[in-house]
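Colleague: Walk me through this model, please, and tell me what each term rests on.

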Amino acid sequence: MAGIVEGKLKALGIALAEPAKPIANYVPYVRTGNLLTVSGQLCLDGAGKLVAKGQLGGSVSIEDGQNAARACAISLIAQVKAAVGDLDKVTRVVRLGGFINSVPGFADGPMNGASDLMVAVFGEAGEHARSTVGVAALPADAAVEVEGTFEVS
């Protein structure tokens, strides 16, 4: 039987795919006590294809960047499910960190795509601290990468 959070995902039309495996020497998440830190997730769709490739302020629009950030958030949630089994064990989304592949001088950010999804899925517990950094490049020329820290029971 699906829990409350999985019910919200289903209502939003979101099916969690198998989480992506690390592509280098790191692990997808680390749990210490009741904190779960999830490594950066690229903006992959359920089939493992990039949702947006390139730089914001260049070939990638804000709307495409927001969709990319949302895809990253879905992947974060999939990693959390792999780590703790039941998404209802998430008691707080503590922090999101976003990396935006952007042209020099680009000052807008698409991170609300990730932040809005966390609140839609986890409710008040999805409200979080956040930082966003513009970068010159990301692996596979992904437009967005997002990492997160979650409090779990």
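Colleague: Which residue in β5 is the bridge partner of Gly-97?

Modeller: That's Glu-147. Before we go on, this is a predicted model, so local features need pLDDT of at least 70 and side-chain atom pairs count only at pLDDT 80 or more, while totals for chains, interfaces and linings use all residues. Numbering starts from 1 along each chain as its sequence is written, and side-chain values use heavy atoms, with hydrogens and water left out.

Colleague: What makes β3 and β5 a pair?

Modeller: Two strands pair if DSSP finds at least two bridges between them. Residues 90-101 (β3) and 144-152 (β5) are joined by nine bridges, so they qualify, and they run antiparallel. On β4, Gly-97 stands opposite Ser-131, and there β3 pairs in the parallel sense, over seven bridges.

Colleague: How many helices and strands are there, and how do you know what counts as one?

Modeller: Three helices and five strands. Along the sequence the pattern reads α-β-β-α-β-α-β-β.

Colleague: What is the strand order in the sheet?

Modeller: β1-β2-β5-β3-β4, an open sheet with mixed pairing. β1 (29-32) and β4 (129-135) each have a single partner strand, so they stand at the edges, with one side of each left without a neighbour in the sheet. From one strand to the next, the twist averages 15°. Helix α3 (residues 112-122) packs on that sheet, touching β3, β4 and β5, where contact means heavy atoms within 4.5 Å.

Colleague: And what joins β1 to β2?

Modeller: Four bridges, with the strands antiparallel and β2 covering residues 35-42. Val-30 stands opposite Thr-37 there. The hairpin has two residues between the strands, and Gly-33 takes a positive phi near 60°.

Colleague: Why are α2 and α3 called oblique?

Modeller: Axes are lines fitted to C-alpha atoms (for helices over the stretch in contact), and angles between N-to-C directions run from 0 to 180 degrees. Under 35 degrees is roughly parallel, over 145 roughly antiparallel, 65 to 115 roughly perpendicular, and the rest oblique. Helix α2 (residues 62-84) packs against α3 at about 45°, with the axes 7 Å apart, so the two are oblique.

Colleague: Which residues meet there?

Modeller: On the α2 side they include Ala-69, Ala-73 and Ile-77, and on the α3 side Ala-114, Leu-117 and Val-121 are among them. The contact divides into ten nonpolar, two polar and one charged. Nonpolar covers Ala, Val, Leu, Ile, Met, Phe, Trp, Tyr, Cys and Pro, charged covers Asp, Glu, Lys and Arg, and the others, Gly among them, are polar.

Colleague: At what angle does α1 cross α3?

Modeller: Roughly 125°, with the axes of α1 (residues 4-11) and α3 coming within 8 Å. That makes α1 oblique to α3. Val-5, Lys-8 and Leu-9 meet Ala-120, Val-121 and Phe-122, a set of five nonpolar, no polar and one charged.

Colleague: How do you know that the radius of gyration agrees with a compact globule?

Modeller: It's taken over C-alpha atoms, and the globule rule is 2.2 Å times the number of residues to the power 0.38. For 153 residues a compact globule would be near 15 Å, and the protein has 15 Å, so it agrees. Along the principal axes, the C-alpha atoms fill a box of roughly 45 × 35 × 30 Å.
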